[in-house]
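Please have the sequence and the structure open while I talk.

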Amino acid sequence: MPSEKPSPQQLTLRFKCHKTTICLLVAPHDSLSSVKEKLLEAIKATQVNEINGQSLPSDPDNVIFGVPADTDESNGQWIELEIPEPEDDTRKKGAKKPDVLNATPMGAGLKDGSVLAFRFRDEATDADDLAEDKLTWDVIMPNFDDEEGSQMKDIEEI
């Protein structure tokens with residue numbers, strides 16, 4: 001995978017699934033489709049074929065992003081990232097085309113250091129089945145209190 005030179009305009013986004021965290025450097029105006037492609041490329045570059053039993057999809061469109069439901073990302077509640085629709089302007093005639101900039105990290109309101117959950121849509125799953133599934137997110141956030149206690153226990157044993 002070719003390395004990109006970082007620039008001040010790029011964003012570092014953290015993608016989480018189960019215990020896996022992947023950091024990607026993306027341009028704020030990259031399409032979310034290209035971000036999904038970069039994410040799959042990064043996972044495949046590590047020779048991983050599945051994450052916690054979920055096989056990697058061949059189509060980037062089967063990657064679903066989620067954002068924290070609350071500003072406190074440690075509560076474990078995530079909602080699907082929805083691309084904001086442009087506001088309807090009744091002054092112009094004709095059908096309004098969706099704004100391409102809305103389908104970008106910047107248009108979705110993501111900032112440098114944002115955390116996104118990701119999951120894979122089963123290629124055999126119908127969109128109606130997906131809506132009924134309520135999109136459960138398999139994200140395990142680290143709990144540093146547990147690690148701190150276990151380290152102290154190891155020190156006491158020495």
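Predicted model: local features only at pLDDT ≥ 70, side-chain atom pairs only at ≥ 80, totals over all residues.

Residues are numbered from 1 along each chain as its sequence is written, and side-chain values use heavy atoms, with hydrogens and water left out.

The protein contains three helices and seven strands. Here helices (H or I, at least four residues) and strands (E, at least two) are DSSP runs, numbered from the N terminus. Read from the N terminus, the order of elements is β-β-α-β-β-β-β-β-α-α.

Of the 158 residues, 29% count as buried. Buried means under 20% relative accessible area, exposed over 50%, and partly exposed in between, with a 1.4 Å probe and protein chains only. The accessible surface comes to about 11,000 Å², and 49% of that surface belongs to carbon and sulfur atoms. These areas come from the Shrake-Rupley method with a 1.4 Å probe; for residues, only the protein chains shown count as cover.

Let us now look at strand β7, residues 115-120.

Which strands pair with β7? Two strands pair if DSSP finds at least two bridges between them. Strand β1 (residues 11-17) runs parallel to β7, joined by three bridges, and Arg14 has Val115 as its bridge partner in β7. Strand β5 (residues 63-68) pairs with β7 in the antiparallel sense over four bridges, with Val63 partnered by Phe120.

Strand β1 also runs antiparallel to strand β2 (residues 20-26), and seven bridges join them. Thr12 stands opposite Leu25 in β2. The hairpin of β1 and β2 has two residues between the strands, and His18 takes a positive phi near 55 degrees there.

Finally, I turn to charged side chains. A salt bridge is a side-chain nitrogen of Lys or Arg within 4 Å of a carboxyl oxygen of Asp or Glu. The count by this rule is one. Asp30 forms a salt bridge with Lys38, and their closest N and O atoms are 3.0 Å apart.
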